[in-house]
Amino acid sequence: MALAILYSYRRCPYAMRARMALKLAKIDVEIREISLRNKPAHLLQVSPKATVPVLVLQDGKVMDESLDIMHWALQAHAMGVNIRARDEALVLENDGAFKRALEGYKYPERYQSLTQQQHRAQGDIFLQKLENLLHENNYLFSTTPSLADIAIFPFVRQFAAVDNVWFEATPYLKLQAWLKRLVESELFARVMEKQPTYVK
Ligand SMILES: N[C@@H](CCC(=O)N[C@@H](CS)C(=O)NCC(=O)O)C(=O)O
């Protein structure tokens, strides 16, 4: 039987977390790496909002939110990955206030109501929270990665990359080690393998 299809974009943090959850759950999918400027007709047809990731199952069911894809993958094939209400709350904070701070910090010219430093200070509140959680364990809620680790770290990676010298100079030693561990993981390397762009 043909595989489920995942419309994806390699460098998109939402697509990264969906690819990681699918890989963790050992669910094989056909990855269709798209060009955001020239989206395939089938993607637009199944999901008019046309963001990535989008998962199209063999029975035609469509999931076009990364968290839905993660839940589906990890619940169906839990693989010891726990999903709890506390994961949800932290991920919502990541996708809300932290993501907004990240956008402002990355593109201060587009979000001039605050300076770049003020945007960074907004994001710093979340980094501090993660650092505190990581004092308990190597991962946010446990000794192994949970949904929250996988859902959040692609965004922290982007935040750190805006000014790596600044990030490395923060007192967030646990957070730095956590990010390094996830970025250097085999799982991440596998989902970041380059794919040819799907054109149709
Ligand atoms: N809430 C969505 C957000 C996905 C999203 O915003 N993806 C970006 C790429 S990182 C996108 O596809 N943007 C549409 C575009 O650039 O045309 C999710 O979690 O899946």
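A pocket is an open set of points on a 1 Å grid over the protein atoms alone, with protein on both sides within 12 Å along at least five of seven lines, where a 1.4 Å probe fits; its lining residues have an atom within 4 Å of a point. This is a predicted model, in which local features need pLDDT of at least 70 and side-chain atom pairs count only at pLDDT 80 or more, while totals for chains, interfaces and linings use all residues. Residues are numbered from 1 along each chain as its sequence is written, and side-chain values use heavy atoms, without hydrogens and water.

**Exercise 1.** Find the largest pocket and explain where it lies between the domains.

*Solution.* 
Step 1: Of its 19 lining residues, Arg-11, Cys-12, Pro-13, Lys-106 and Gln-158 are the closest to the centre.
Step 2: An automatic or database assignment sets the domain bounds, giving domain 1 (4–79 + 187–191) and domain 2 (85–185).
Step 3: Both domains give residues to the lining, so the largest pocket lies between them.

**Exercise 2.** Describe how domain 1 and domain 2 meet.

*Solution.* 
Step 1: Their centres, taken over C-alpha atoms, are 23 Å apart.
Step 2: The contact (heavy atoms within 4.5 Å) takes 14 residues from domain 1 and 16 residues from domain 2.
Step 3: Look for a salt bridge, a side-chain nitrogen of Lys or Arg within 4 Å of a carboxyl oxygen of Asp or Glu. The rule finds one across the interface.
Step 4: Arg-17 forms a salt bridge with Asp-95, with 2.7 Å between the closest N and O atoms.
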